[in-house]
Amino acid sequence: MTNGQPLLENWTPEQAARMNNAIFVAQHRIQDLDLFGDEQLIELLDRHPREALGINTMGTDPVCHQEWQEGRAGNLNAEQLYEAAQTGRIWLNMRRVMDHHAEYARLVNSLYEELEANCPGLSTYNRSANLLISSPEAIVYYHLDCPVNMLWHLRGTKRVWAYPLESGIVSDETIEGVLCGEKSEELEFRSEWDDLAVSYDLNPGEMVTWPQHTPHRVVNTGGLNVSLSTEHMTSRAARRNNVFLANRHFRQILPGDYRSTQLTGWQPAAKEFALRVMRRLPILAPKPPQGYKYPVTFEVDLDAQNCVRSLVDNDTREPVLTS
Ligand SMILES: [Fe+2]
């Protein structure tokens with residue numbers, strides 16, 4: 001609760017019970033707080049450390065995930081970067097806002113306290129949040145995330161597609177690969193999978209979430225988009241990650257075909273325990289996850305098309321010399 005007002009709106013016990021098991025949309029009131037106007041966002045962008053600011057651009061075809069690019073701000077100030085997001089094809093990700101801005105730490109913790117009060121049995125930890133500011137036509141390619149994530153939408157409109165795990169589109173090996181950092185979180189995508197997706201047009205004041213590891217993609221459909229993306233863990237989420245990681249690691253070092261993704265009972269508990277022990281034993285430890293790091297291939301430039309000035313030659317992919 002902030003200023004005495006609840007942040008969640010119209011939640012029912014039935015909704016709360018579905019939250020972890022289904023692709024789920026609910027209402028909130030975060031957009032009413034005095035934090036997300038142009039002026040406040042520019043000021044936040046100005047205060048946010050540049051090393052914790054992700055700057056990206058992308059293509060227009062949801063299949064071509066290799067067109068996701070990492071950029072740099074160059075000499076642009078916060079106001080100019082914000083203008084680039086308004087007019088270009090730019091994705092700004094203010095990472096870990098709870099670590100850098102006390103008002104966001106308070107807001108996200110208040111949100112989670114209300115969530116836990118509304119969802120009996122929910123107990124979250126490792127909470128974090130990223131504030132996303134993205135251009136009116138920006139897209140995010142098909143991917144899956146390791147923690148549980150929730151997208152609290154604040155400004156503009158976007159369409160979200162989520163691909164239910166039970167559709168079988170994403171294999172257990174793919175989830176294992178993402179968890180151990182071998183596969184990028186952006187994955188191969190085929191447009192016919194949309195027939196199996198749940199899609200939703202997200203408006204300010206709505207939140208969407210889905211069961212952990214559910215693949216999803218996003219297309220902005222109108223106006224500058226502002227969303228708060230929160231992530232958290234629960235003991236069940238940690239168990240699920242550990243069971244997938246244990247299956248993969250055990251198949252590599254032990255005889256037997258470890259593939260069960262069951263989460264309850266003594267066997268998954270034993271798997272999780274064994275993996276935790278192995279992590280402490282250098283000879284048996286799995287390699288720590290290596291996240292993929294994109295090379296920086298463009299600079300934000302208000303005079304360039306889409307506010308993207310390439311730093312590589314589009315044909316040869318060689319660096320372009322800049323004066
Ligand atoms: Fe995501």
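1. The domain bounds used here come from an automatic or database domain assignment. The model is a predicted one, and on that assignment its chain is divided into domain 1, covering 8-234 + 297-310, and domain 2, covering 237-279. A distance of 29 Å separates the C-alpha centres of the two domains, domain 1 and domain 2.

2. Where the two domains meet, domain 1 contributes 11 residues to the contact and domain 2 contributes 10 residues. On the side of domain 1 that touches domain 2, the largest share, four residues, is supplied by helix H6 (residues 172-179). Sorted by class, that side of domain 1 holds seven nonpolar, two polar and two charged residues.

3. As to the chain as a whole, its secondary structure comprises eight helices and 13 strands. The radius of gyration is 21 Å, close to the 20 Å that the globule rule gives for 323 residues, so the chain is as compact as a globular protein of that length. The C-alpha trace spans about 60 × 55 × 40 Å along its principal axes, and 33% of the 323 residues count as buried. Among contacts in the chain with a separation of 6 or more, 80% are between residues 24 or more positions apart.

4. The largest nonpolar core has 53 residues, and those with the most contacts inside it are Leu-81, Ala-85, Ile-90, Leu-92, Ile-133 and Trp-152. Strand E8 (residues 148-162) provides the largest share of this core, with seven residues. If residues up to four places away in sequence are left out, Ile-133 touches Leu-41, Ala-85, Leu-92, Leu-224 and Val-226. A second, separate core consists of nine residues, including Cys-146, Ile-175, Leu-245 and Leu-275. In soluble globular proteins, nonpolar side chains tend to be buried together.

5. Asn-126 belongs to strand E6 (residues 125-134), whereas His-213 is placed in the loop between strand E10 (206-209) and strand E11 (216-233).

6. Is each of these sites buried or exposed, and on what count? Asn-126 is exposed, because 12 other C-beta atoms lie within 10 Å and the cut-off for an exposed residue is 12 or fewer. His-213 counts as buried, because it has 22 C-beta neighbours inside 10 Å, where the cut-off for a buried residue is 20 or more.

Notes:
Residues are numbered from 1 along each chain as its sequence is written. This is a predicted model: local features need pLDDT of at least 70, side-chain atom pairs count only at pLDDT 80 or more; totals for chains, interfaces and linings use all residues. Helices (H or I, at least four residues) and strands (E, at least two) are DSSP runs, numbered from the N terminus. A nonpolar core is a set of buried Ala, Val, Leu, Ile, Met, Phe, Trp, Tyr and Cys residues joined through C-beta atoms within 7 Å. Two residues are in contact if their C-beta atoms, placed from the backbone, lie within 7 Å. The radius of gyration is taken over C-alpha atoms; the globule rule is 2.2 Å times the number of residues to the power 0.38. Ala, Val, Leu, Ile, Met, Phe, Trp, Tyr, Cys and Pro count as nonpolar, Asp, Glu, Lys and Arg as charged, and the others, Gly among them, as polar.
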